[in-house]
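Let's look at how charged side chains pair up in this protein. Have the sequence and the 3D view ready.

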Amino acid sequence: MFTRILVANRGEIACRIIRACRDLGIETVAVYSQADKEALHVELADQAICIGAASSKESYLNIENILSAAVLTESQAIHPGFGFLSENAKFAQMCTECQISFIGPSAQVISMMGDKAQAREKMIEAKVPVIPGSDGEIDSLENGLAQAKQVGFPLFIKASAGGGGKGIRRVNSLDDFERQYQAARQEAENAFGNGAVYLERIIFPAKHIEFQILADHFGHVIHLGERDCSLQRNNQKVIEEAPSPYISEVLRQKMGQDAVRAAEAVGYQNAGTIEFLVDEKGDYYFMEMNTRIQVEHPITEMITGVDLVEWQIRIASGEKLALRQEDIQFTGHSIECRLNAEDPFNGFRPSPGLVSFVHLPKGGMGVRLESALYSGYQIPPYYDSMLAKLIVHAPNRMQAIQKMSRLLSELAVEGVPTNHEFLLSLLTSEGFLQANYDTAYLETTFLPQWKDQA
């Protein structure tokens with residue numbers, strides 16, 4: 001087991017990792033930008049090192065400075081959390097070259113699954129259902145037009161090296177294909193230094209269902225069930241729940257087996273997530289693999305009793321996965337809400353500033369809060385706006401909703417606007433209460449009604 005781990009992240013996930021390390025008796029090193037010198041993760045860690053100026057590029061994305069901090073503190077491993085360098089193959093490879101364990105999959109796997117076209121081909125080889133699309137990358141406009149006719153409209157032109165919604169263009173008809181093809185290639189080249197694109201049919205609306213997997217270095221892979229992440233705004237998840245109220249037990253078993261097959265096909269190691277889209281007929285398709293821990297991992301932990309971050313660390317240190325598939329039992333229902341510093345009444349504009357007072361609700365069984373927020377905290381304008389994750393667990397879905405409603409009603413954050421009231425309205429909306437929602441629900445049904453009422 002490691003004795004010292006550097007946490008290459010900030011905010012609530014850095015605090016989450018530091019606490020997991022402390023439970024394992026492992027010392028931690030926090031890194032921070034000049035803007036985060038008073039952040040909670042800096043106070044929680046055993047050591048803390050400033051790695052650069054406020055901007056992410058000069059700090060949390062600064063590979064050289066992070067590795068220098070790890071070497072200086074004699075850290076044996078680096079946990080990247082999510083975001084920033086967590087899916088950066090170059091960073092993972094450089095950790096290996098510096099003889100520092102990267103707590104995640106290998107650089108080769110990160111690179112393979114980060115290339116969306118290559119990941120798609122791997123899933124086809126593994127006989128995992130994929131969204132109908134082109135046969136590999138599009139190497140010319142003529143080839144693209146021919147394949148677009150076969151795929152059908154509407155479709156997406158997507159950057160092979162995509163991420164963050166860049167290099168994606170919707171095409172509704174053949175007449176619009178050339179313009180969107182050129183635009184997607186140019187944006188992909190500018191964003192990723194790689195203009196390669198491929199085609200994918202649009203499945204919308206749909207259910208966004210993701211399966212959590214764990215895999216050790218000895219070829220042992222299991223899944224820990226699914227999370228329903230269909231409530232999204234601008235492709236950003238808002239509320240997640242586990243298990244999905246939509247998925248039947250038969251479908252759960254089938255999708256879980258395909259998730260394990262997908263991980264085995266690429267030689268995956270550590271924690272990861274296989275994301276699927278499920279259409280109105282109940283057919284499901286591989287969308288992508290996230291080669292890291294997810295923001296919403298706590299709801300899986302709540303229904304399984306498995307500490308995913310702890311197992312990330314244990315697997316990276318060389319331990320065998322002690323869990324078998326039959327050991328994973330699902331108990332009750334869990335919901336997570338993401339509290340963001342944003343103004344829902346002003347286009348969800350980010351709202352950095354001074355938090356004059358905060359009361360994070362506590363008490364009762366099945367209540368969990370993941371946050372780096374405190375009274376007097378100055379929210380910097382440079383990073384993601386998420387302030388906290390509120391998580392509940394209850395014997396059934398309705399009780400979980402009632403418990404989350406209680407938490408949101410008790411929550412108080414003063415000094416900056418948050419999406420607090422928006423979350424409470426969404427949680428108690430008819431579509432959510434009846435589990436009658438998909439990826440279109442929030443923006444096409446709930447938001448127009450909510451704005452009228454607001």
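A salt bridge here is a side-chain nitrogen of Lys or Arg within 4 Å of a carboxyl oxygen of Asp or Glu. Why would such groups meet at all? Side chains of opposite charge can pair when their charged atoms come close. Counted this way, there are 29 salt bridges.

This is a predicted model, where local features need pLDDT of at least 70 and side-chain atom pairs count only at pLDDT 80 or more, while totals for chains, interfaces and linings use all residues. Residues are numbered from 1 along each chain as its sequence is written, and side-chain values use heavy atoms, leaving out hydrogens and water.

**Within a helix**
- E249 pairs up with R252 in a salt bridge, with 2.9 Å between the closest N and O atoms.
- Both sit in helix α9 (residues 249-265), three residues apart, so about one helical turn separates them. (Helices are DSSP runs of H or I, at least four residues, and strands are runs of E, at least two, numbered from the N terminus.)
- R252 is buried at 11% relative accessible area, while E249 is partly exposed at 45%. (Buried means under 20%, exposed over 50%, partly exposed in between, using a 1.4 Å probe and protein chains only.)

- R4 and E27 form a salt bridge at 2.8 Å, N to O.
- R4 is in strand β1 (residues 4-7) and E27 in strand β2 (residues 27-33), 23 residues apart.
- R227 and E210 also make a salt bridge, at 2.7 Å, and both are buried.

**A network**
- Salt bridges link E210, R227, K237, E240, E275, E296 and R338 in a network.
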